[in-house]
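Here's a quick briefing on the model below. Have a look at it first, then read on.

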Amino acid sequence: MSTAAEQKEKLAQKIETALREAVACGELPLDSVPKVELEIPRDKDHGDFASNIAMVLAKPAKMPPRSVAALIVKRLDDPMFERVEVAGPGFINFKLSREWLFDLLGRIHRQQEAYGDNDVGQGEKVLLEFVSANPVGPMNVVNARAAAIGDTLARLMRAAGYDVATEYYVNDAGKQADIFGRSLEARYRQLQGEEVVFPADGYPGKYVQALAEKLQNEEADIDAMDEQRRQEFFRQWGTDAMLEMQRRDLADYGVVFDRWFRESELHKQGSLEEIIELFKGRGYMYEDDGALWFRSTQFGDDKDRVIIKQDGSYTYVTADIAYHYDKLKRGHEKLIDILGPDHHGYIGRMKAAVEALGYGRDALEVMILQYVALLRDGQQVKMSKRAGEFITMQDLLDEVGRDAARFFFLMRSPESHLDFDLTLAAEQSNENPVFYIQYAHARICSMLRQAHDAGIPMPDSSAVALDALQHGEELDLIRKMAEFPEEVAAAAWYREPHRLARYGLDFAGLFHSFYTHCRVLGEEREVQDARLVLVGAVQIVLRRVLGLLGVGAPESM
RNA sequence: GCGCCUGUAGCUCAGGGGAUAGAGCAUCGGACUUCUAAUCCGAGUGCCGCAGGUUCGAUUCCUGCCAGGCGCGCCA
């Protein structure tokens, strides 16, 4: 037996064979046979698969499309399909036989939550970097969006046969970390009763004050430190504390990284010097205006980039190049960075860097997320980082909950600018679509609990006469499950997690409809058994969908 | 000025070289003595931003324009 995706591939090959035969017989005047593509029609009246090949070939063959289609159809005779027909302007529609669909149920029960796994990734070693918020403040809602999308993408890609590692890059060495350290020190000293002017460019947020208070209660002989040592202390202690907070918030959100990579490590290891020497040796560097430049325009960037500033310090680009070099040297074949919209200008320079390092431009893939506009009572929530007023990721989770927040982000395509209505998400949480899917799962659990209590076990799918399943609702559910592995593969391949959220909604809808129209418990034995097998399979697939989304699968609601 | 993203139903958004362009919300009308009504069934709405081009076929691809969001640092 096979999944729908494999079935589709086989069918495409059979069509190609049929075409070659027709050409050999002289019935079809063609020089070559193109690759046959199959689609899953939107309208289920058009079958499970459809091919437009006859219309593509009509012109080169100088024949009406329906005639070309007829030549193909008469050469196809496959028991997997109960109907193959020419339709519309020349489509060939294929309808899977019920036997094939019934076999799928057994397959799902055997595979359990491995159903959906596939191999489009072919073991490619991928490093997925996302969120990477600076450790100088709380995470924002775009970070929350990135976390949901990155985490589910990682789950999807693992299911699709990629070898995925996730990483959070910590900018703990730059100017912003210094400013943050000085802000913290100023607050700390103020608490000690000293008259200290808060740095003009410092971070005004209340969280800095809170950190300073926490620091007061810790054992640290700050007064004994010299100037340099003290600055280092505040920066280190502060970013450590922020990092710990971020790690905890993300874990509450269901997002756990394989590795937190600190920029300061790169500096300690001399990684920046290493790439500078490398680029110098390859002639990609030049000096101008007292600074050292990387000739990135040589690799398609808009302008060259400063690597060492006039004052002798490095720019963030330098560390980023070193970081990407480090990722590549660790054996990751594909680097995926998920970034906010303010970083789109970053793509050109980093691709240039990757190329200069001796890798293909395509080794780096950058996904740019768009902004999230928060609405409350229909009004856009104005945020000011300067004034220290903004909705943090944690505020968002407190207000709408983890499942709703994740799902809301995952429903939208990554590049859409999205409106997040807090009032709606919080007050009308009953109507949040995520509950629609969870409710389907809870309904099944409740039903199976009652079956169990009544001494009705889950029947062995191979021992049940599944042709008791005859209703459209029943067969639609199975067809939808047949599409699942391909859906996982597509979502991973195109890096579009929202496909999964949509699939979940559609699938849950089919189940609710089935539930309303077809009773399970108390039906005559054959029907009850067959439907239990069906419902059991639906439960498995729902669990998998929710698991990939990182959303809970409640057993009751 | 240059770059990225967006423009589809009243609202929020999917879709996508093909067959009557979809969902949720909102509006209206039905369905609970039976496995959870957080559910189901039914009803309507669209110059798919505008104009050209490619194609057997464009809402989808290309170009230009218009509108909105965001970038364009020796900040990250």
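A residue is near a molecule or strand if one of its heavy atoms lies within 4 Å of it. With that in hand, 60 residues surround RNA strand B, and the closest are Lys59, Lys309, Tyr316, Tyr436 and Tyr439. Of the RNA strand B atoms that come within 4 Å of the protein, 61% belong to sugar and phosphate.

This is a predicted model, where local features need pLDDT of at least 70 and side-chain atom pairs count only at pLDDT 80 or more, while totals for chains, interfaces and linings use all residues. Residues are numbered from 1 along each chain as its sequence is written, chains are lettered from A and ligands numbered from 1 in the order in which they are written, and side-chain values use heavy atoms, with hydrogens and water left out.

**Around the RNA**

- Phosphate oxygens of RNA strand B lie 2.7 Å from a backbone N or O atom of Asp419 and 2.7 Å from a side-chain N or O atom of His498.
- Lys303 puts a polar side-chain atom 3.4 Å from a sugar or linking oxygen of RNA strand B.

**Helix H5**

- H5 (residues 141-159) has 19 residues and reaches 27 Å from its first C-alpha to its last, close to the 27 Å expected at 1.5 Å a residue (the expected span is 1.5 Å times one less than the number of residues).
- 17 of those 19 residues are buried, so H5 is largely enclosed by the rest of the structure (buried means under 20% relative accessible area, exposed over 50%, partly exposed in between, with a 1.4 Å probe and protein chains only).
- At the start of H5, a side-chain oxygen of Asn140 comes within 3.0 Å of the backbone nitrogen of Val142.
- After H5 comes Gly161, with a positive phi near 85 degrees.

**The sheet with S15**

- Three strands form an open sheet, S14-S13-S15, with mixed pairing (two strands pair if DSSP finds at least two bridges between them).
- S14 (379-380) and S15 are at the edges with a single partner strand each, so one side of each has no neighbour in the sheet.
- S13 (residues 372-376) runs parallel to S15, joined by 4 bridges, and Leu374 has Phe420 in S15 as its bridge partner.

Note on methods:
Polar contact = N/O pair within 3.5 Å; in protein donor to acceptor, adjacent residues only side chain to side chain. Helix = DSSP H or I, 4+ residues; strand = E, 2+ residues; numbered from the N terminus.
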